[in-house]
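Hi,

Here's the structure I said I'd pass along. Have a look, and my notes on a helix and a strand follow below.

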Amino acid sequence: MPLRPESYSTQITAAVVAALAFYLLIPNRLTVVTLVSLYLTLGFLTALVVFTNANVVDVIRTAILLFIANVVGFFTLLRLERLQRTQFALLRDERDQNQALHEEITKGKLLEEQLRMSAERDALTKLNNRGHFMKLAGKMLQRAQSGQTPFSLFMIDVDHFKRINDTCGHCHGDKVLAEIAEVCEVSLRPTDVIGRFGGEEFIVALPDTSLDDAQRVAERLKKEVSNLSLPGEMGTQGPSVTIGVAASNADGKNLESLIKQADQLLYIGKRAGRNQVVVGRDGDGRGAGEAY
């Protein structure tokens, strides 16, 4: 304005554009933009009066024009800020809803997992329950028979378990069962399946395992169970188990008959004095076997 006072009419356009640019093109807070734009407007009007020969009418027109530019810019930016705040609030609400939905999905999955576990696991020993064991072992036996591979199964019964309950109480009896279940589960391979068959009986399925290998596994389990300690009322001798071992060598035998054979071998061992492994050698399922 001091250098070229005669071009003030052109510079008015530049001032209007600059004022609008402060509001619409330069990101900043509304209060800061308003102060800067007002400073520009007042400075321009002051320079117009001081350095040019503009009359009062031109000054008033220029002031009105700059005022309108400031008003338009102010309310436009105000609306934009309100829209941005609304959009941010909506995004925050959406994020909170997504978080709540994610938490609900997580809770649903946990509940589903808990329901599945309660349907498949024994509450006391955390082993497979009878129904789930039968499902898993049945599939294993079918694969073994299809692939012509050996499949073994043995039944485990805790000796004198009623005496443990009667002498020490059911709480101690439950603890003994849980400890025996833990020992058996840790001693088996990841591919083996163990379940609680009922009461003090456990059942184990061993895929790709011959009768001799299954016997060695059973002997090891029997020894490890005997290393456990019973409650003080039962003395220092650990608990014992009797195990009946049966095998299916791709002969078409179903799971139920194999379990029946192992159960018969188990009772042979119990009648023979308990704390032993009885292995079925003839494979006919009628209870013949050898005690070890």
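Which helices are included in what covers the buried residues of α2? Among the elements doing the covering are α1 (8-24) and α3 (56-120). Bear in mind that this is a predicted model.

A bit more on α2 itself. The helix takes in residues 30-51, and its 22 residues should span 32 Å at 1.5 Å a residue; the end C-alpha atoms sit 31 Å apart, so that agrees. Its buried residues are L30, V33, T34, S37, T41, F44, L45, A47 and L48. Those residues cover an arc of only 170° around the axis, which means they lie on the same side of α2. Turned away from the buried side is a face with the exposed residues T31, L35, Y39, L42, V49 and V50.

Then there's strand β4 (residues 241-248). Here 8 of the 8 residues are buried, so β4 is largely enclosed by the rest of the structure. Both faces are covered, with V241, I243, V245 and A247 buried on one side and T242, G244, A246 and S248 buried on the other.

As for its partners, β4 runs antiparallel to β1 (residues 151-158), and 8 bridges join the two. In that pairing, V158 is opposite V241. β4 also runs parallel to β5 (residues 277-279), joined by 3 bridges, and there V245 stands opposite V279.

Cheers

Conventions. Residues numbered from 1 in each chain as written. Predicted model: local features only at pLDDT ≥ 70, side-chain atom pairs only at ≥ 80, totals over all residues. Heavy atoms only, no water. Helix = DSSP H or I, 4+ residues; strand = E, 2+ residues; numbered from the N terminus. Expected span 1.5 Å × (residues − 1). Buried < 20%, exposed > 50% of the residue type's maximum accessible area, 1.4 Å probe, protein only. Arc of directions from axis to C-beta. Contact = heavy atoms within 4.5 Å. Pairing = 2+ DSSP bridges.
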